[in-house]
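Could you walk me through this model in my viewer, one selection at a time? I would like to know what to pick next and what is there.

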Amino acid sequence: MRRHWAPAVAPLALLLLTVTGCDSTSSAPAATKPDAAPSTATSAARSVARVCANPAAGPAKAPAGAVTVDPKVVGDLAAKTKKSPPNTTFWLKPGTHTLERDRYAQVIPKKGDRYIGAPGAVFDGRKVNQYAFTGNAADVTIRYLTVRGFVAPRDEGVVNHDSADGWVIEHSTIKDNSGAGLMAGARQQVRADCLRDNGQYGMNAYKGNGPLTGLVVQGNEIVGNNTGDWERRQKGCGCTGGIKFWEVNGADISGNWVHDNRGTGLWADTNNNDFRIENNVIEANDGAALIYETSYNAVIRNNTIRRNNWVEGRKAADSGDNFPYATVYLSESGGEPRVKARTHKIEIYGNVLENNWSGITLWENADRFCNSPANTSSGDCTLLVKKTSTCVRPAIAKAPLYSDCRWKTQWVDIHDNRFVLDESVVKCTEMCDRMAVLSNYGTYPDWSPYHGEGVADAITEQQHNSWHDNVYVGPWKFVAEDQSKVLDFGQWQTAPYQQDKGSTLDLQAGG
């Protein structure tokens, strides 16, 4: 998909409860209900971060040495931040804190500043101010604060607008803002927050002026984002969801409840690497639960993934599109030992996937490679090639560039997962029941060395992509090589595909 980032603008700068029994939302993109308990998986229910319904309260009295901020004084927070030295703690009294009525009025922290909200402390942009906290100061902390009503432009963010490093955002509610509620810098920690009903993303993890490493996203509730419905307004923008990750090297995404977002739940797009996505509950998102695109090396384990992709999957099927749009979608992404990470493959295991629109699709577009006009991440090259311009004829037709100019879906290991499909729950009779590993017939551009079936043959039989030791419940089908080749379980398990060794299939719906 296309890349999006936050341009510079001057002077910009768990509650964990085990929940059982209740269903989440229906397939319609209705108003979100963040206080609703998630539905029950067929295995034991996981703990979820019910942060939005149960926000933690900040200190009722100012911490020792803190500067007190008065909500009755317009712009008090920005003014006192400007006057105070670095490493100051600010305590925001109960009430609604505001800025001057200037679109560029904002708080510009200094290194090590800490912002602590009292119970009921709200920082409100009043649909006037574009940004809440900006600038390049490192190691800023925001706790127990509600940030709402800011109107950042598309692809820009409200909190940590400039993707400064080392920020900690904990026990806060960031909601009802335009753009992204939150941007991310290196070593950022986002813990036990409610990222809710923001216009584009709950968080946009992109840093345009340096590496974004060591990101931690833990125990948050990420719900109802993309209220602006950007995919409809700008078709194919690839610019929506709960969280979008761009060129992040090293991320731990754990214990989050990602639900009811109008689009994809979690989307890693373009040269991300070394992700660990575990122990999350991802459900009832209009699009896929997880997209991992033109990226490398990840562990995706022990997640509960249910009732995702009902809206977007059904829409594609109703239009006659027979591509296997899945709830976990790996597009031009795989393991690569030459890119340093905690794993040299993409391993997907120990997950429960229940009543989603289809399962897991591994895809590699034969026409998408570094320097190809078909690469929607225009200007980017793989992490194995330093200069995009080197991926041209005649060099690209020979080793090593023939291989290294491609983002390859390879070394994907899918095992010990449980896939459950009840078509009466999903309300479908076809196109919602597929696992897939496939490519297209290469045709474009005319100088591409990947014309023909070579990439389809490689992803299916030569690039070490494997399903094994899984449990399937329901009428599952399987797609290999290209989207016209639909297989039953026996065909999927035998030559030439030989997938799902040690796996079982129970055709009875439910589970």
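Helices here are DSSP runs of H or I with at least four residues, and strands are E runs of at least two. Keep in mind that the model is predicted.

**Stop 1: the annotated stretch.** Select residues 160–311, which an unreviewed UniProt entry annotates as "domain: Right handed beta helix". Over this range the chain is 47% strand and 4% helix, with its end C-alpha atoms 32 Å apart.

**Stop 2: the open sheet.** Now colour 11 strands in the order β10-β13-β16-β19-β22-β25-β28-β31-β34-β37-β38; they form an open sheet with mixed pairing. β10 (157–159) and β38 (486–487) are the edges: each has a single partner strand, so one side of each has no neighbour in the sheet.

Stop 3: Zoom in on β10, which runs parallel to β13 (residues 180–183) and is joined to it by 2 bridges. Look for Gly 157, which sits opposite Ala 180 in β13.

**Stop 4: inside the sheet.** Move to β28 (residues 328–331) and show side chains: Val 328 and Leu 330 point one way, Tyr 329 and Ser 331 the other, and all are buried. In a regular strand, side chains alternate between the two faces of the sheet. Strand β25 (residues 290–293) runs parallel to β28, with 4 bridges between them; β31 is also parallel to β28 and joined to it by 4 bridges.

**Stop 5: a helix across strands.** Finally, select α6 (residues 454–462), which lies across β31 (360–364), β34 (434–439) and β37 (477–481). Helix α6 runs at about 135 degrees to β34.

Methods
Residues are numbered from 1 along each chain as its sequence is written. This is a predicted model: local features need pLDDT of at least 70, side-chain atom pairs count only at pLDDT 80 or more; totals for chains, interfaces and linings use all residues. Side-chain values use heavy atoms; hydrogens and water are left out. UniProt positions are given in the numbering used here, feature names are shortened, and annotations may be inferred rather than shown by experiment. Two strands pair if DSSP finds at least two bridges between them. Contact means heavy atoms within 4.5 Å. Axes are lines fitted to C-alpha atoms, for helices over the stretch in contact, and angles run from 0 to 180 degrees between N-to-C directions. Buried means under 20% relative accessible area, exposed over 50%, partly exposed in between (1.4 Å probe, protein chains only).
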